Amino acid sequence: MDSINPLNEKVAMNNPVATNPMHNMSSGSAAVANRMQPMSHGTGHHINPLNAQINPHPVVKPVSQDKIQTAVVPSAHPTTPINPRTSNLGVARLPHRKGDHHMFLTSDDNAMMKHIEETHIPDGRDFDVKPLVHIIEDIVHRATPIAGHVHEAKVQAHLEALEAKAPHSGLLELLNYLAYPIHRISMELISKCANKEDAHSITMSLLHSLTTYSWDTKVAITFAAFAQQYGGFGLLVHQYPTDPLAKSVAIIMELPEIMTRQDVLKQKFDAIHDLIDKMLDVTKCIIEFRDVQTSHSQHVITQELEMLINTAHISTAAYWTMRAAVMCAAMVLNLIAIGHEHLSSTSEAWEISSLAHKLANILDHLRKVLNLCHQKIEERRQHDAFEALLRLLRTPHIDNMKILSILIHSKDDQLPLFDGTHKRRVSLDVLRRKHVLLLISDLDIAPEELFILHHMYAEAKTQPNRPESNYEVVWIPVVDKRLTPWTEAKQIKFEEVQASMPWHSVAHPSMIDPAVIRCIKEVWGFNKKPQLVVLDPQGKEANNNAYHMLWIWGSLAFPFTKAREEALWKEQTWNIELLADSIDQNIFTWISEGKCICLYGGEDMEWIRSFTSSTRAVANAARVPLEMLYVGKRNPKERVRKNSLIIQSENLSHVVQDQTLIWFFWERLESMWHSRTQQDIPGDSDPILQEIVTILSYDGSDQGWAVFSRGLAEMTRGKGDLIVQVMNGYERWKHEVSDITTFVPTLDRQLRDLHSPHHCTRLILPGTTGHIPERVVCAECGRPMEKFIMYRCCIE
């Protein structure tokens with residue numbers, strides 16, 4: 001029973017050398033054919049389905065071998081022998097003919113795409129051809145017969161990179177399906193090149209033969225078919241000097257004679273190698289587009305992304321890559337067919353250069369579209385991850401492990417935390433069922449903040465059995481790599497900050513997913529200034545920023561909830577202990593001794609001398625035990641440090657010894673303002689808030705100021721010029737001071753009597769403080785303050 005193979009008929013009609021290669025198939029080839037599982041049709045003929053799909057045009061009637069040879073072989077004079085070195089037999093010429101294919105070189109890409117896409121009728125089968133491309137890359141880089149020093153270096157780099165990759169486990173399975181089509185396309189390349197068909201016609205024929213495959217598979221099969229031929233030629237060139245069999249084959253092909261023209265061959269193969277590199281890059285991009293459409297199927301491919309993928313013109317890229325493979329195959333075959341006469345062909349050199357330029361442009365376009373596709377996919381992935389994170393935060397949990405594992409994503413089972421106390425990596429289990437304070441900041445966290453936090457954390461851990469010590473701190477560094485790339489300098493900075501922390505920290509910022517960074521910014525309101533997000537033992541958010549609570553009350557604020565904050569404020573009154581806290585240990589001694597205490601600030605050294613001398617004189621005259629403490633200004637810069645040294649040397653008053661504690665005094669006062677403004681108390685009827693605003697506004701002015709208090713009892717305050725005026729006029733009101741209990745109330749009345757309705761009060765807050773209330777009332781007159789934006793540069 002006769003067997004019809006449409007591809008055999010097609011190849012035979014165009015191949016005068018091998019009219020039916022299937023007749024000469026070895027037993028191994030027969031095994032390949034059997035593997036394809038031929039189907040039996042009603043005609044009784046066995047049709048190989050793989051062969052049928054390679055050549056979709058059915059052959060109605062088989063053509064005899066005699067007719068094939070008569071139709072194809074050019075007639076020769078019976079008395080004239082054919083010289084394969086001078087005849088055109090078997091030589092693939094690539095002229096620019098007039099006709100249908102010329103439009104692909106001159107018309108716009110729309111017409112080109114229409115013709116190409118008409119050949120594309122995919123059957124839905126999906127192959128991962130990356131293992132095949134890996135082998136192709138290995139072949140073409142090893143097979144280069146002659147290369148210059150530059151190319152040798154490039155080839156070596158490619159080979160080292162390839163060897164670093166483990167062989168793909170899916171290669172053998174893939175070849176079960178594609179080995180035979182690759183062989184048939186290789187035969188078709190030889191046949192059509194031998195019949196002098198032009199490059200476009202051959203490429204379109206290959207597209208028809210591969211009509212049911214996806215674009216990436218079409219390209220991979222064609223590329224592999226060329227790689228077979230190129231690899232065989234390269235293998236022969238490499239082995240014929242030492243291998244007797246290779247030498248005999250090479251002599252028949254007159255290869256040694258061809259290889260004598262090293263200078264010309266080097267230029268030719270350098271050009272081929274450059275073109276092959278472009279083909280590989282474009283092929284990988286085409287495969288990547290296939291991955292975009294399949295690997296990310298869990299994220300719905302939006303219409304916008306689909307339209308973006310269509311702008312890549314994959315079909316055009318596939319055509320030109322396959323055409324480049326045809327061109328390279330023709331050059332190798334021509335070199336064997338006519339040898340020296342072919343070495344100096346300028347038309348091929350021009351077309352090789354044109355193809356390389358064309359593929360370079362296509363590659364640039366593909367990469368741009370790919371980048372946009374990846375951006376869209378990443379945006380969708382991050383959106384989905386963000387929504388999932390929000391749902392997770394709203395869902396009750398047994399413990400905090402699930403939430404923490406999402407916030408701190410461990411890659412490759414790495415230990416995600418760094419224990420700052422023991423200097424080692426640890427798992428998230430150390431945080432299980434504990435109150436966790438997420439310290440969120442960028443890499444530029446101030447040393448002063450780290451110092452104060454270190455002090456508070458160490459104090460809490462000295463008594464671990466106390467309920468208020470049952471919490472852990474984890475540093476979450478916010479580094480958005482989409483905005484600023486990660487550099488070696490940033491890595492060093494990160495390690496420096498991490499090493500200075502005694503608590504836990506994320507092992508590396510890359511463990512913080514972009515969706516988590518978005519949650520930190522949009523849900524928790526992070527804006528450069530450090531904050532503490534509190535998670536209870538079940539992972540539920542207890543407070544989106546307990547930073548101000550920790551600054552004001554330390555560990556007494558445990559468990560750092562909004563309810564605890566409200567309860568602490570209800571117990572609080574305005575006094576010197578709330579204002580000064582522990583910036584100087586002498587304050588607690590002065591309070592216990594019942595002394596009058598004066599805190600004062602400013603930068604004008606002349607005013608400081610005037611104020612301290614007049615105040616000291618009044619206290620001595622009134623026999624009031626008074627202690628004064630200089631607290632500088634909000635930004636304790638060089639001038640404040642110099643002032644402190646002068647005050648000490650002239651014995652004008654006490655000073656805060658540590659400049660960091662001066663910074664903490666003002667930072668804590670600002671935290672009081674933030675915390676108090678979020679309480680459900682109208683600002684114009686909140687005495688504590690009014691006093692906080694007053695002190696902050698004093699610091700915003702260029703004058704000095706002072707606060708007086710008798711222990712934890714009565715307090716008063718005033719601007720620098722008014723206080724000096726009151727002290728200089730002591731003779732007018734000294735009769736009102738009978739003892740220490742009347743000193744502060746009398747001073748308060750004198751300051752109020754001198755108060756002028758004309759004033760200009762400034763409340764200056766940093767621009768990254770987070771919550772800013774829309775309405776702030778003036779501490780002097782109670783009217784709403786105007787809001788301005790101020791930019792300041794203060795260099796001392």
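Trp-553 is found in helix H23, residues 547-553. Helices here are DSSP runs of H or I with at least four residues, strands are E runs of at least two, and both are numbered from the N terminus. This is a predicted model, where local features need pLDDT of at least 70, side-chain atom pairs count only at pLDDT 80 or more, and totals for chains, interfaces and linings use all residues. Residues are numbered from 1 along each chain as its sequence is written, and side-chain values use heavy atoms, with hydrogens and water left out.

**Around Trp-553**

- Trp-553 counts as buried because its relative accessibility is 12%; buried means under 20% relative accessible area, with a 1.4 Å probe and protein chains only.
- Setting aside neighbours within four places in sequence, Trp-553 is in contact (heavy atoms within 4.5 Å) with Glu-565, Leu-568, Trp-569 and Gln-572.
- With Gln-572 there's also a side-chain polar contact of 3.3 Å; that term means a pair of N or O atoms within 3.5 Å, where within protein one must be able to donate a hydrogen and the other to accept it, and residues adjacent in sequence count only if both atoms are side-chain atoms.
- Arg-668 sits 115 residues from Trp-553 in sequence, yet their C-alpha atoms are 9.6 Å apart in space.

**The second largest pocket**

- The pocket's volume is about 690 Å³.
- A pocket is an open set of points on a 1 Å grid over the protein atoms alone, with protein on both sides within 12 Å along at least five of seven lines; lining residues have an atom within 4 Å of a point.
- Grid points are joined across faces, edges and corners, and a volume is the space filled by probe spheres set on them.
- H20, H23, H25 (576-580) and H29 (659-677) each give two or more residues to the lining, and H20 gives the most, with 5.
- The lining splits into 12 nonpolar, 9 polar and 5 charged residues; Ala, Val, Leu, Ile, Met, Phe, Trp, Tyr, Cys and Pro count as nonpolar, Asp, Glu, Lys and Arg as charged, and the others, Gly among them, as polar.

**The cavities**

- The structure holds 3 cavities of 30 Å³ or more, a cavity being a set of points where a 1.4 Å probe fits but cannot get out.
- The largest cavity has about 70 Å³ of space, and its lining is 9 nonpolar residues, with no polar and no charged ones.
- Helix H20 (447-461) gives the most to that lining, with 3 residues.

Technical notes:
Buried means under 20% relative accessible area, exposed over 50%, partly exposed in between (1.4 Å probe, protein chains only).
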